[in-house]
Each structure stands twice: as structure tokens, then as C-alpha cells.
Amino acid sequence: MSIPPIRVLAIESSCDETAAAILENGRTLLGTSVASQMEIHARYGGVFPEVASRQHILSVVPVVEQTLAQAHLSLDEIDAIAVTRGPGLAGSLLVGLNMAKGLALGLNLPLVGVNHLEAHIYSAWVMMPNVEPTDEPEFPLLALLVSGGHTELNLMTNHLEYQRLGWTQDDAAGEAFDKVARLLHLGYPGGPSIQKAAEEGNPDRFQFPRSWMEGSHHFSFSGIKTAVLRQVQKLENVSSNIESEYPSLPINDLAASFQKAVVDVLFTKTMKAAREFDAKQILIAGGVSANQSLRYAFASQNEFPVNIPDISLCTDNAAMVGTAGYYRFINEHNDPLSIDVLSTWPLS
Ligand code: KG4
Ligand code: ZN
């Protein structure tokens, strides 16, 4: 007799994407739907928390319904409900968690609260539909987590087991992309717009400082953001002295030089830690892992196998929550219906 598959319905609402997904046996994505609020927040140049939670309320039910329809499943074919419990915006997290609690209570299903950072790491296990099955990542692996709120290196020794090696002492890498984009009057979110501007720029025109945080696995990105600001002020000064004859700011070169410096630090420090801890492979996750220049840097070395998720799984999504939720569920890490959201929640 064959063992019936385990299907997890997952919900993600930690920031500005309302997403749901259904995963079978942890890795196979059966259906997913995302309602993005990006255009709404672009008007404010960043995520407006109260607007975000209200949008989640409008989107969460349709997103779950669309996901079930896409997977051709009904709620009685689901075995567990996974949901992002934190870290993130409390008002946003509450919407997803309350939806998940309602489903778990109404269907009498287990509830699994998932750490959003763990979920990003588990995006490496997700298999997209119509894509050749891939091998599971091997432990110990070195995970670089680079998103809008976090930049950290974790040694993952087994499923759900992490040793936090280093983290940013100030801005996250994604946050630096967003702040520099604002400075250069590029659109929100900053990462994709800096990447686009950098395509036409000279990455060697400006030598922005790299903060190596020697002797530790920590990061710091506030210095480079300030260096870009100083450079812009210097160029604007020159420009206003020469009046209209001076060309406008070299946005593309500034973007390319900034991106090169950030990628340099992320790449070099990750490689160093992977060597030190004898990692079997490197795993990169989080919104900034969508960056082409970062992906290229890791693809250009052959010292370690590198696992970077499909672009659609780099930024916030529910598939990764479903996969992390599945591994928590089969390891009996279920949660009571009384759990609250955790706006800060370190991985280890
Ligand atoms: O993981 P994510 O969607 O949300 C958080 O958990 O924070 O990451 C969002 C971050 C933003 O800072 C965004 O600017 C950055 O990821 N990002 C990128 C790229 N795409 C998104 N950064 C650099 N290059 C990109 N292509
Ligand atoms: Zn995220």
C-alpha cells in the first residue's frame, strides 16, 4: 500500500506580499498565488506598515482560494497549515496568522508557525512544477541570507539546526540597496532598479569602501551608503558650480560601483566562512539573491557547489514557508492555536 502524500497549505504575510502555496511532501509545489503590494508602496518610497496590513486583509482569502484552485485541491485534502510567525511587521504577520488559525481550527488541522528566515533558507528545497527534480542540499551547508531586513551567515548542520556565525551590525544589504536607490532617485524596490541602472554603468569608476569586519563573520553596510551620499554631494556641488553645462549625476556608474562593492563583500566573506567550516555547499537566499551580479560571482567559482533559488523564490513567497513548515511538521514542531506573532525572531 502506498503512503499518502503530506500536503501543507502555507501562508506568508510578513511584509508587503500576501502569498499562499501548497507543497506536497515538502518539496513539490502544487500551487501558489501572490498578491503584491509593490505598486502601492512605491508611492511612499518604502513599505507603509498600516497600508500593508489592510491590504493583507483584502487579499488573504482570495489568495488562498486561488492557490487551492491552481492545485486542483479542496481544503479537506490538506494535512497541515504553515504560516510565517515572524520576523516581520506585526500588523502584517497578524493577518496571515489569524487566517492560518481559522483554517487550522475549522479543519481540525495542525498549525505550524514558521520563521521567515528559515523559510528563505528552505527555498533551496522547493521544486518548481515541470522542472527536473534536484538533489536535496547537503549538510553542513553555509547559508548566506540576504534580504531587506537581514544579512547573515548561518552554518546549517542538519534540518532545522543552525549556528548563526555573523550578521549585519547596521543596515541589511537589501536595505542598503533600497536607501542608495532612493538617494539616486531610482524606483522602489531599490535592488532591481540599482541592478538595472548598473547594467549601463562602469563598476570601477568609484571606489566605494568595503567593510570587511576583520576577525568576524559580521557585516556592515551603513558606511558604503554614506560613501555614496558623500560622492553624490561632491558631484552635485561640482555640477551646480558649472551650472547647466555639467552633465547630470552619473547614476549608472554610481549604481554599478555601489553594487560591485556590496557583491564583493558578500561573496568574499561567504567564501571565507565556507572554507573555515568545511561546508559541503553554499546556499544563498533572500531578496538580494535575485541580484544578477551576486549570482554571477558565485557561479564563476568552482570551489563549492552553490544553490541559489529560482528568481521567483528569492523574494518573499509562500512556497518556502510550506517547505520549512513541512520539515517542522514531520519533526513534530507543531504549535498551539494560542501562538502570537514575533516581530523579531533570531534563527538561533
Ligand atoms: O526577501 P525579501 O523579498 O523581503 C525581506 O524579507 O526583506 O527581500 C527584499 C529585498 C529588498 O531590499 C530589495 O531591494 C532586495 O531584496 N532585492 C534586490 C533585488 N531584488 C530584490 N537586491 C538586489 N538586487 C536585486 N535584483
Ligand atoms: Zn523575506
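Predicted model: local features only at pLDDT ≥ 70, side-chain atom pairs only at ≥ 80, totals over all residues.
Reader: Which residues are the protein donors of the zinc ion (ligand 2)?

Author: The donors are His 116 and His 120, each through NE2, together with Asp 316 through OD. They lie 2.0 to 2.1 Å from the zinc ion.

Reader: What spacing do they follow along the chain?

Author: The spacing is H-x3-H-x195-D. His 120 belongs to helix 4 (residues 116-122), whereas Asp 316 sits in the loop between helix 10 (311-314) and helix 11 (319-330), so this pair links distant parts of the chain, 196 residues apart.

Reader: Is Asp 316 buried or exposed?

Author: Asp 316 counts as buried because its relative accessibility is 17%, and the cut-off for buried is under 20%. His 120 is buried as well, at 1%.

Reader: Turning to salt bridges, how many are found in the whole structure?

Author: The search finds 12. One of them joins the side chains of Glu 152 and Arg 164, at 3.5 Å from N to O. Glu 152 is in strand 7 (residues 151-158) and Arg 164 in strand 8 (residues 161-167). Glu 152 is buried at 1% relative accessibility, while Arg 164 is partly exposed at 26%.

Reader: And where do Lys 179 and Glu 175 lie?

Author: Both are in helix 5 (residues 173-183), 4 residues apart, which is about one turn of the helix.

Reader: Which residues are linked with them in a network of salt bridges?

Author: The network links Asp 171 and Lys 225 with Glu 175 and Lys 179.

Definitions and conventions: Residues numbered from 1 in each chain as written. Chains lettered and ligands numbered in written order. Heavy atoms only, no water. Donors = N, O, S within 2.8 Å, 3.2 Å for Na, K, Ca; no water. Helix = DSSP H or I, 4+ residues; strand = E, 2+ residues; numbered from the N terminus. Buried < 20%, exposed > 50% of the residue type's maximum accessible area, 1.4 Å probe, protein only. Salt bridge = Lys/Arg side-chain N within 4 Å of Asp/Glu carboxyl O.
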